[in-house]
Amino acid sequence: MISVTQDDFDVNEVIGRVRRPDMGALVTFLGVVRGDGGIDVMELEAYEEVAVRELEAIRDEAFANYPITAVEIIHRTGRLRVGENILLIVVGAGHRKEAFDACEYILERIKRSVPIWKKEIGEDGERWVPGESHGGDA
């Protein structure tokens, strides 16, 4: 499943949906809004149609490049508070190394190429966070 949504998600439900007896490893990455630097809220905007297509392409690349058996990616948009979920990646594979490697690949590709923008809002005002493809640290 690939999803760009304003709705929160249940990590355990997604893991349960992916889990199969032939998997020796399930690797998850959960990105959350962090409260460093005086951040109170983060607003995420997406060009949803393109973002979903790019996430699907990234998933397909992961399947082509790694011996994995499952991938789920959920990315949230909207106004999120510190501690709320932003991104969930779940990768299933026969072995841990393949699952870890594929999960890292997916995360780095998302940061570089998916049209999702973040604005941090806090006590010192607000600022757009540049993505990695623009030389920033997203």
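This short talk walks through the fold of one protein and then through the pairing of its charged side chains.

Please keep in mind that the model is predicted, so that local features need pLDDT of at least 70 and side-chain atom pairs count only at pLDDT 80 or more, while totals for chains, interfaces and linings use all residues. Residues are numbered from 1 along each chain as its sequence is written, and side-chain values use heavy atoms, with hydrogens and water left out.

Let me begin with the fold. The protein has three helices and eight strands, where helices (H or I, at least four residues) and strands (E, at least two) are DSSP runs numbered from the N terminus. Their order along the sequence is β-α-β-β-α-β-β-β-α-β-β. The radius of gyration is 15 Å, close to the 14 Å that the globule rule gives for 138 residues, so the protein is as compact as a globular protein of that length; here the radius is taken over C-alpha atoms, and the rule is 2.2 Å times the number of residues to the power 0.38.

Of the 138 residues, 42% count as buried, and by that I mean under 20% relative accessible area, with exposed being over 50% and partly exposed in between, using a 1.4 Å probe and protein chains only.

Now to the charges. Side chains of opposite charge can pair when their charged atoms come close.

Which residue forms a salt bridge with glutamate 49? Arginine 53 does, with the closest N and O atoms 2.9 Å apart, and the two are separated by about one helical turn because they lie four residues apart in helix α2 (residues 48-65). Arginine 53 is partly exposed at 46% relative accessible area, whereas glutamate 49 is exposed at 54%.

In helix α3 (residues 96-113), lysine 97 and aspartate 101 also lie four residues apart, about one turn of the helix, and they form a salt bridge whose closest N and O atoms are 2.9 Å apart. Lysine 97 counts as exposed at 55% relative accessibility, while aspartate 101, at 26%, counts as partly exposed.

Another salt bridge joins aspartate 36 to arginine 34, at 3.2 Å from N to O; aspartate 36 is partly exposed at 43%, and arginine 34 is exposed at 53%.

Finally, please look at Glu43, Arg79, Lys119 and Glu126, which are linked in a network of salt bridges.

Technical notes:
A salt bridge is a side-chain nitrogen of Lys or Arg within 4 Å of a carboxyl oxygen of Asp or Glu.
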